[in-house]
Amino acid sequence: MAKTKRKPMLFPVVLALLAVSSQVSAADTGCDEKGDQWLEVQVEGLMDTRGDVVVELHPDVEGDYLDVLVDRIRVPTAQASQTLCLAIPEPESYIVVVLHDRNANKKLDIIDDGFGFSQNPTLGLGTPGREEVAFVARPGRNAMVIILNYLQGFGARPLDQEKRKQIEQRRRSKRR
């Protein structure tokens, strides 16, 4: 696979996604009555159960694939792993973006919020190329796991188990 160029400034793009995420589709996380094809997205690696989880479905198009939205779902974060479901209009190529809006303010707080893409690419400081994140939807059930990334040091990457335990301990100590 050819190496793709990353677009600079991933964070403003994710911020733009959150800014428009107030136009939320129904918060139905089940896959009942989703049509002939649907996508089950299992979101893994959530830092905690604060805020909302947002899953967006974008068409695989030339140019900035994040400019066009097919569907979006926003639900309160219920557990460290969540499965959400979206209807897929046609069997074709799509891109999924997942955001963990930890304070549910519909804005990206890059220091605190998590994000991930279909195919779980290694993230740098730019938006991954569409070749890295696109998947082909088939008729019927489509399923994927997306592991969230959080800003750590000079880059974004998944939290390891130890880091999540430390965050949970700090959160509990603040409650006392």
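**Close-up views of a predicted model**

**Figure 1. Confidence along the protein chain.** In this predicted model, the protein chain has a mean pLDDT of 81, and 72% of its residues reach 70 or more. Residues 1-9 have a pLDDT below 50, and beyond near neighbours in sequence this stretch has 21 contacts in the model. The pLDDT is also below 50 over residues 15-28, a stretch with 36 contacts in the model beyond near neighbours in sequence.

**Figure 2. The salt bridge between Arg141 and Glu40.** Eight salt bridges are present in the structure. One of them joins Arg141 to Glu40, with the closest N and O atoms 3.1 Å apart. This pair links distant parts of the chain, since Arg141 belongs to strand 10 (residues 140-147) and Glu40 to strand 2 (residues 37-44), 101 residues apart. Arg141 counts as exposed because its relative accessibility is 52%, and the cut-off for this class is over 50%. Glu40, by contrast, has a relative accessibility of 18% and therefore counts as buried, the cut-off being under 20%.

**Figure 3. The salt bridge between Asp52 and Arg74.** The closest N and O atoms of Asp52 and Arg74 are 2.9 Å apart in this salt bridge. Asp52 is part of strand 3 (residues 52-59) and Arg74 is part of strand 4 (residues 71-76); the two residues are 22 residues apart, and the pair links distant parts of the chain. Asp52 counts as buried because its relative accessibility is 13%. Arg74 likewise counts as buried, at a relative accessibility of 8%.

Figure 4. A salt bridge brings together the side chains of Asp112 and Arg102, with an N to O distance of 3.7 Å. Asp112 has a relative accessible area of 36% and is partly exposed, whereas Arg102 is buried, with a relative accessible area of 7%. Through salt bridges that share partners, Asp48, Arg102 and Asp112 are joined into one network.

Figure 5. The pairing of strand 2 with strand 5 is antiparallel and extends over six bridges. Leu39 has Leu86, in strand 5, as its bridge partner.

Figure 6. Phe154 is located in the loop between strand 11 (149-152) and strand 12 (155-157). Is Phe154 buried or exposed? Its relative accessible area is 83%, so Phe154 is exposed. Leu125 is 29 residues from Phe154 along the chain, and the C-alpha atoms of the two residues are separated by 8.6 Å.

Methods:
Residues are numbered from 1 along each chain as its sequence is written. This is a predicted model: local features need pLDDT of at least 70, side-chain atom pairs count only at pLDDT 80 or more; totals for chains, interfaces and linings use all residues. Side-chain values use heavy atoms; hydrogens and water are left out. pLDDT is the predictor's confidence in each residue, from 0 to 100. Contact means heavy atoms within 4.5 Å. A salt bridge is a side-chain nitrogen of Lys or Arg within 4 Å of a carboxyl oxygen of Asp or Glu. Helices (H or I, at least four residues) and strands (E, at least two) are DSSP runs, numbered from the N terminus. Buried means under 20% relative accessible area, exposed over 50%, partly exposed in between (1.4 Å probe, protein chains only). Two strands pair if DSSP finds at least two bridges between them.
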